[in-house]
Structure formats: structure tokens, C-alpha cells
Amino acid sequence: MFFQARNYRHPAFKRGFLDMLSVAPGIAAWGLMTGVAMVKSGMSTAEALLMALIVFAGSSQLAAIPLLLAGAPMWVVLATAFCVNLRFVVFSAHMRPYMMHLPLWQRLVNGYLTGDLTYVLFVKHFPSPASTPAQQAEQMAYLAGNGGINWLSWTSFSVLGVVLANFIPATWGLGFAGILALVGMLCSLASNRMRWISAGAAAVVGVAAYGLPLKLNILLAIAVAVALCLKLEPPALVTPLSGPAKKETP
Amino acid sequence: MNWDAFFTGTTDGWTLLTTVGMACVTVIARSFFFISEKDWALPPWAQRGLQYAPIAALAAVVAPELVMSQGALIHNVQDARLYAAAAGIAYFFWRKGTGQAVLGTIVSGMLVYLPLHIGLGW
């Protein structure tokens, strides 16, 4: 965590910080647009500020906004957010051996701060888990510097976006930037043919079942797409936990 | 500062509570396999299925936002969303997903969307 002295005084903290700083402008811009999109799609300022400050997951925020505004029940919103976040579940399996020496609360804070880019940069920098306390300290300092600047740039620009949104007329349709951000995320996940099939199947079911109540078309689409892919999967592709090592935000 | 002018919209307590729940979902999803001290794993089929779920979730959310209007499929090709999405996707694959490709997708898509939407009313 970036607020612990043993992390921010370690030289690896700065290295993690600088590695993330080079991609921070993209994160900041996307955070800004997410902030604008939240307000533009109809959330109140207080709702958008709270979401900008604490959720720290761009795609699940953007996916949840239409559901929140449609009055979907909480469990549907949370289940959808979790599904959009499922790639992090895969990442966490990879990160487990790096984390288990920490107490639970520090593991949870580290997990919260490990967005896509932090995960990608961290495992690139440290291909294997630490075997000595000195290595553990170095890895955790790097993670703290990296995740810290990621959180800071994302959150501060999301808040700025929420504030600026009040000065941008709704008729401009800037909320569509949020949908385009999801399109970009989708493209970055489309790393093989099976994932294209998953996206295509989910898109068709999502549209065809749009009339279902509670936005259940989304969960149905996920279930159908995953089942279809497991059915069609050629044996060569059966490589569990080789998750997407793509650049995404945050 | 006039706080009433700053805080626009109607704030719903249930939405705030759901937002707190979403923050918890962020923590749980990102910590999932290192919350428990015990060594455990998902069944292999579920591990394989996991990799198809994120893109399915995004596609299911995005597709209706691109091709539907008021709950029905659009029958009009004069819709800025279609061209903006096409431009964004084209940019992403032109860049082969490198660098700030997601940001570029947003920017190029909006550069197509805004003139069509504001200028032509599509």
C-alpha cells in the first residue's frame, strides 16, 4: 500500500510509480470521460462522486450505470459488476503466491489497488514470486507505487469529470464516450477466435432478450456465451488461467 | 460556492448503497483467490469458462446500446452510434491494440460521433 512508510521509502516504489506514470495520461483521460458519462447518463452529482471515489473499476461502473438508472435490483447490478470484473478473478489466482505472506487486510487493499495495468506491469516486472523477505519488500513496494499512482490518476480525473459534466450540455451526447470505452475494452479482450464467438453470442442474446425484466438479458447472455464457448472449445485452447495480458484501464 | 447548484439530480439512497456494494465487488473480485488461507481451486471447466465471461458481459451491455432505441432494434442507418463504434473498432485494430488503444478508440469514436450527432442530428 502506498501509505505505508516501508513501501514508499523503498527504491522499488519509485520504479513502480514511474512505470505506471507513462500510461497514466490514458487512465486519467478515461477516468475523466467516465466521470462525465456517469453524470450525463443521469446519475446525481452525489451518486457520481461516491462512485468515482470508491468503486475504482471503470468497466463495471459503466456497465452498472444503465442498470442503476433502469431501477434494476441490487443483486442484478452487483452480479453484473462482478461478471464484468471476472478477469480480475483470473488475475488474483496468478497473484496469490505473491500475496499470501501478507495479513488479510493488506491482501484486500492490495487486491483493490491492482487494476488491469498494475497487474500487467507487476507480473512483467516480477515473473516469479519472492523467496526472501527482502524480495517480498521490493515487490510490495513496486506494487504500492504502481497501484497508488493508478488509483490517484483514475480517481482524481473521475471526480474532475463529475464536476465538469455540469458545464457540458446533455444534448452533445458525451455519455456515448462511456459506451465507446466499453467497446475499446471489448476489443482488447478479443484476443482469440473463441472470445470473438463469446462476444458475438452474448451480443445477439443481449439484444434478442432485451425485453426480459431486471436487465436479466445480460446475465442470460453471459451464461449462453460461456456455455457455447465451453461446448465449441477446441482441445488446444484448453489452457486455464492464461488470462488476458492486455492493457486496460484501470 | 453554491452547493445546491453543484449537487444536481435526485440522489437515491438505494443507489448509494449499491455503489458501496460495487466497491466491495471490486475488492472481492480482485482479491478472489488470495482471500482464503486455504488452498483451493475452481473446477477446471469453470476456470476455462472464466476467460469467456468478461467479454460476454461487455458485449451484452454494449450491443443493445449500439443497435437499439427505446427497446426496439433500429431500422435507420442514419445513426451516429453505428459509425462511431465502427470508427473506434477500426482505430483499435489499426493500432493492433498497442499503446493507448482504448483511449484512441474513445477519441476516434467521439470524433465521428459528435459531428454526426450534433451537426446532422443523427
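How much of the chain is helix over residues 149-168 of chain A, and how far apart are the end C-alpha atoms? I looked this up before anything else. The stretch is 85% helix and 0% strand, with its end C-alpha atoms 28 Å apart. Helices here are DSSP runs of H or I of at least four residues, strands are E runs of at least two, and both are numbered from the N terminus.

**Ground rules.** I am working with a predicted model, where local features need pLDDT of at least 70, side-chain atom pairs count only at pLDDT 80 or more, and totals for chains, interfaces and linings use all residues. Residues are numbered from 1 along each chain as its sequence is written, chains are lettered from A and ligands numbered from 1 in the order in which they are written, and side-chain values use heavy atoms, leaving out hydrogens and water.

**Confidence.** I noted ipTM 0.83 and pTM 0.73 for the model. Chain B has a mean pLDDT (the predictor's confidence in each residue, from 0 to 100) of 88, and 94% of its residues reach 70 or more.

**Annotated segments.** In the unreviewed UniProt entry, "transmembrane region" covers several stretches of chain A, including 48-69, 149-168 and 174-191. Such annotations may be inferred rather than shown by experiment, and the positions are in the numbering used here, with feature names shortened. I checked residues 48-69 of chain A too: the chain there is 86% helix and 0% strand, yet the end C-alpha atoms are 12 Å apart.

**A loop residue.** A:Phe56 sits in the loop between helix 4 and helix 5 (58-69) of chain A. A:Phe56 is buried (under 20% relative accessible area; exposed is over 50%, partly exposed in between; 1.4 Å probe, protein chains only), at 0%. I found A:Leu152 10.0 Å from A:Phe56, C-alpha to C-alpha, although 96 residues separate them in sequence.

**Helix 4.** A:Thr45 lies in this helix, residues 45-54 of chain A, and is buried at 0% relative accessible area. Leaving out residues up to four places away in sequence, A:Thr45 touches A:Val162 and A:Asn166, along with B:Phe6, B:Phe7 and B:Thr8.

14 of its 14 residues in chain A are buried, so the rest of the structure largely encloses it.

**The interface.** I find 96 residues of chain A in contact (heavy atoms within 4.5 Å) with 76 residues of chain B. In chain A, A:Met74, A:Arg96 and A:Phe176 lose the most area to chain B, together 8% of what that side buries. The rule gives two salt bridges across the interface (a side-chain nitrogen of Lys or Arg within 4 Å of a carboxyl oxygen of Asp or Glu). A:Glu233 and B:Arg48 meet in a salt bridge at 2.5 Å, N to O.

Notes. Buried area = accessible area lost by both parts, 1.4 Å probe.
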